[in-house]
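Subject: Structure handover

Hi,

Here is the structure I promised to pass on. Please open it alongside this note.

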Amino acid sequence: PPVAPSHRMRASRSITRACAVLSTAAASVQPLALSPLAPAAPAARAMATAAVQTDAHKKKRSFKSRAAAPLTAEEPAKQPGAPSSTTEQKKRGRRASASTAAAASPKRSKATDVRLEPPANWRATWELIVELRADRTAVVDSMGTEAIAGESTKEERDFDALVSLMLSSQTKDTVNAATMKKLRAHGLSPRRLLDTPDERLDELIYACGFHNNKVKYLKATSRILLEQHGGRVPDTMDGLLALPGVGPKMALILLRVAFGKVEGISVDTHVHRICNQLGWAGPGGTKTPEQTRRAIEAWMPADIWAEVNLVLVGLGQEVQTEKSKLLRKCLACSD
C-alpha cells in the first residue's frame, strides 16, 4: 500500500540521524597500525590455497611415479596397512644388508681379525676346571658322540660319528644316543639312509629336535657322499662344511674324533656361555658361539684346543642338572 508522506519524512530523518551518529563514532576511533600483510590478506589466502593445491598435486604425481616404477629387491611391495615410516625403511635396509652379507659369507669365515691378550690367571682357572672334570661323570662322557661310536669298520665309524653330530643339534645327549641305537638297528650307511623312505626315517629320528629338517639333511648328505666321495666321509674342513646340516662345531669335532686333526675349538652353547662368564671371550663378550670360537682361539694355546669342548660341555651339564654333585667336587678339590 502507498506510504503516507508523513511516514516518509520520519523515516528520512531517522536515517539522517543514524548516519550522523556513525560518522561521529568513526571520527573518534584512532586508526589501527596494520601489518604489511594485512592489506594483502585476500592475496595471502589465495597464495596459501594455491600452495596447498600444488602440494596435493605433487603428492599425487609422486604416488603415480612410485606406482609406475618397477620394484627392486631393496624395495619390496607395500602391503595394505603396512607402515611406511623412516624406521621401517631403516629396518628394511638392515635386513637387506644382512641378507647380502649372509649370502656372500661361507659357513665359516677363515679370516679373523680378533686379537686378544690371555685373561689374567686363566691358566689356574682352566686347571681347576680340568680337576673338577677328571672323574668324567657328565652325560656327555657316556652318551656323547665320542662315547657312543659303534664297533665297525673305519668308514662305518666315521659315518656313524657324522650322523650322530648332525642329530645332536638342539637334542639332548640321552635322546641322541637312543636315536643312534635305533638307526644302527635299522642299518646305518649312506646307501641305506638314501633308500629309506622319508616317512620311515622321520619315525626313527622323531625324538630329535628339528627332525623334519634333519631328514632332508641326512638324505642330501648321503647322496653327496655317494656321488662325490665314494661313500666316505671327507677329512677336510671345507669338505665337511659343504655337507648340508654340518656347521663348524660339528666339523671340528668330527675331524678330531674320526681323523685325529685339531683345527680349532668346537664351541656349543655350554662353551659359549662359560667362556663369557669367565671373561675369556674379551672385555665386551660375544653374542654367538662362532664369535666365541674366534675369540678364544686368538689367545688360547693350541695344545689344549682338543680338550676344551669335552671339558666345558661336561661342566656346563653338571652346572645345569647336577649341582649337588658339582658342589661336593668343589669342596674336595685342591683350591
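Below is what turned up, by topic: pocket, cavity, then helix packing.

Please keep in mind that this is a predicted model.

Start with the largest pocket. Its space comes to about 1100 Å³. It is lined by 38 residues. Closest to the centre are Ser168, Lys249, Asp268, Thr269 and His270. Several helices each give at least two residues to this lining: α5 (139-143), α6 (154-168), α7 (173-186), α12, α13, α14 and α15. By class, the pocket lining has 13 nonpolar, 15 polar and 10 charged residues.

**Cavity**

Which cavities reach 30 Å³ or more? The structure holds one. The volume of the largest cavity is about 60 Å³. Its lining takes in Leu252, Ile253, Arg256, Val262, Gly264, Ile265, Ser266, Trp305, Ala306 and Asn309. Helices α12 (248-259) and α15 (305-321) each provide at least two of the lining residues. Six residues of the cavity lining are nonpolar, three are polar and one is charged. Both α12 and α15 also supply at least two residues each to the lining of the largest pocket.

**Helix packing: α13 and α14**

Two packed helices are described by the angle between their axes and the distance between the axes. Take helix α13 (residues 269-277) and helix α14 (residues 289-297). Their axes come within 9 Å and cross at roughly 55 degrees. The crossing of α13 and α14 is left-handed. On the α13 side, the residues that meet α14 are Val271, His272, Cys275 and Asn276. They face Pro289, Thr292 and Ile296 in α14. The residues of this contact divide into four nonpolar, three polar and no charged.

**Helix packing: α15 and α16**

At what angle do α15 and helix α16 (residues 323-332) pack? The angle is about 115 degrees, and the axes are 6 Å apart. From α15, the contact uses Leu315, Glu318, Val319, Gln320 and Thr321. From α16, it uses Lys323, Lys325, Leu326 and Lys329. By class, the contact of α15 with α16 has three nonpolar, two polar and four charged residues.

**For a quick look**

For the pocket, go to the residues closest to its centre, among them Lys249 and Asp268. For the cavity, go to its lining, including Trp305 and Arg256. For the α13 and α14 contact, go to Cys275 in α13 and Ile296 in α14, which are among the residues that meet there.

Best wishes

Terms used. Residues numbered from 1 in each chain as written. Predicted model: local features only at pLDDT ≥ 70, side-chain atom pairs only at ≥ 80, totals over all residues. Heavy atoms only, no water. Axes fitted to C-alpha atoms, helices over the stretch in contact; angles between N-to-C directions. Helix = DSSP H or I, 4+ residues; strand = E, 2+ residues; numbered from the N terminus. Left-handed = near helix turned anticlockwise from the far one by under 90°. Contact = heavy atoms within 4.5 Å. Nonpolar A, V, L, I, M, F, W, Y, C, P; charged D, E, K, R; others polar. 1 Å grid on protein atoms, 1.4 Å probe; cavity = no way out; pocket = protein on both sides within 12 Å on 5 of 7 lines; lining within 4 Å. Points joined across faces, edges and corners; volume = space filled by probe spheres on them.
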